[in-house]
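The sequence and structure come next.

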Amino acid sequence: MAKKAGGYRCAECGWQTAKWVGRCGECQAWGTVEEETAAAGARVASAAAVSAPAVPIGQVKAEVAHARGTGVPELDRVLGGGLVPGAVVLLAGEPGIGKSTLLLEAAAKIARQQTVLYITGEESAAQVRIRADRIGAIQDRLYLAAETDLGALVSHVEKVQPDLLIVDSVQTIGSTQATGVPGGVTQVREVAGNLVRLAKERGMATVLVGHVTKEGSIAGPRTLEHLVDVVLHFEGDRHSRLRLVRAIKNRYGPVDEVGCFDLHENGIEGIADASGLFVSHRTDPVPGTCVTVTLEGTRPLPAEVQALVARTEAQQPRRSSSGLDTYRVTMVLAVLERRLNAKLGGCDVFTATVGGIKLSDPAVDLSVMLAVASAAGDKALPSGLVVLGEVGLAGELRPVRDVRRRLSEAARLGFTRALVPAGSLDTGKKRNGDHSLVPMAGRGAPFAPGFDVVEAENVWDALTHVT
């Protein structure tokens, strides 16, 4: 007789174990290990009716997959032009960051031409109506319902026949076909799977609001991100009006694109020109600050990196960063100590960005290094300087992509000089056998007159130039 395979499997990563445990031994997720029983041997699937016959790829109509604008240009930028019929978008962010406000405003603009159904599971219909009155989001073709049952949600969809469905949030919707409480791994997977199937069958664009964990990742099973077509992260500091929407996954457009928004009491507005939002506006240079230009999708954004170095009596000095990749900052500090003989062993080092932006671009490495060196030596960097470059473990500077676009944006904002890795630009020549810096005027390049670009081979050359 064939044995029956019994055991437990993690719903997140598929890790198997012979007995139940509260925490997965592979992905370390809590409450994801579930019992499974399956007969040994593979089951043969029988033929079933097809939804549509297979046709040559050249005969498939691509017009139905064209994006339609939402009326919010910054949101369209992140989506890759707008919402595609049948696409499922997951918008995740911290509580109170402004997800519902953004979607309600976008829904009202779309409802001028299409039918929109807004399902709220976290608030009552009256609460959403109050917000809609405040931001001016009242439209006749915008339908609102407060439901927490998947079956009731499907009934609303069949009755309203919307072009766009918004579910706020997917963790509050429960299904009678799955075990567990709403928001659990099994429930979220069941609800999301049904909503994706419903969107594809009807050609209905769907936006799901998702929660995030303490670590900032999307709550629920990892399969939730695989099921949807687009994953957006809503970022920002609660104490600031600036909000960022970042594309993490996008089957219809570029990833890592960023949309900038201003959240205020009357709603949320897109910021078409975000340059200058992440740079402090001061007249005199301050030690421990350095400006770089990060590239978010196709948008160059000048950003300021700040550093503070303070002596400490503690045996283990602190290394703290905000808005920067902690591991890259640690690596840059190690290169600074080893290659430039910086004495940071008895100092606390704090690094941060301005405006709440999160920088993960490798081009930020050199600006972090120079900001820390400036803070340690209590000497300000030259005014009007912008710095680009990836730092290697050997102390070399590696070129980064789209340098000309970054420097053009810096010149437009009034910066007068730039420090970049050697080989980043075609203009200018270095003397043979000489690794010293060679300034190159902006003539022939898309920069403002008088904008000087300096190339550096390694971190020592870069530090020599700025000091």
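Pro 95 is exposed, with a relative accessible area of 55%; buried means under 20% relative accessible area, exposed over 50%, and partly exposed in between (1.4 Å probe, protein chains only). This is a predicted model, in which local features need pLDDT of at least 70, side-chain atom pairs count only at pLDDT 80 or more, and totals for chains, interfaces and linings use all residues. Residues are numbered from 1 along each chain as its sequence is written, and side-chain values use heavy atoms, with hydrogens and water left out.

**Annotated site**

- An unreviewed UniProt entry lists Gly 93, Glu 94, Pro 95, Gly 96, Ile 97, Gly 98, Lys 99 and Ser 100 under "binding site"; positions follow the numbering used here, feature names are shortened, and annotations may be inferred rather than shown by experiment.
- Pro 95 sits in the loop between β4 (88-93) and α2 (99-110); helices (H or I, at least four residues) and strands (E, at least two) are DSSP runs, numbered from the N terminus.
- Gly 98 is also in the loop between β4 and α2, but Gly 98 is buried, at 9% relative accessible area.
- Beyond its neighbours within four places in sequence, Gly 98 is in contact (heavy atoms within 4.5 Å) with Phe 234 and Leu 263.

**Whole chain**

- The chain holds 10 helices and 22 strands.
- Of its 467 residues, 46% are buried.
- Among contacts between residues at least 6 apart in sequence, 66% join residues at least 24 apart.

**Salt bridges**

- The whole structure has 19 salt bridges, each a side-chain nitrogen of Lys or Arg within 4 Å of a carboxyl oxygen of Asp or Glu.
- Glu 257 pairs with Arg 77 in one of these salt bridges, with the closest N and O atoms 3.9 Å apart. Glu 257 is in the loop between β10 (242-250) and β11 (258-264) and Arg 77 in helix α1 (residues 73-79), so the pair ties together parts 180 residues apart in sequence. Glu 257 is buried at 2%, whereas Arg 77 is partly exposed at 29%.
- Lys 200 and Asp 229 form a salt bridge at 2.7 Å between the closest N and O atoms. The pair links helix α5 (residues 185-202), which holds Lys 200, to the loop between α6 (223-227) and β9 (230-236), which holds Asp 229. Lys 200 is partly exposed at 41% relative accessible area, and Asp 229 is buried at 2%.
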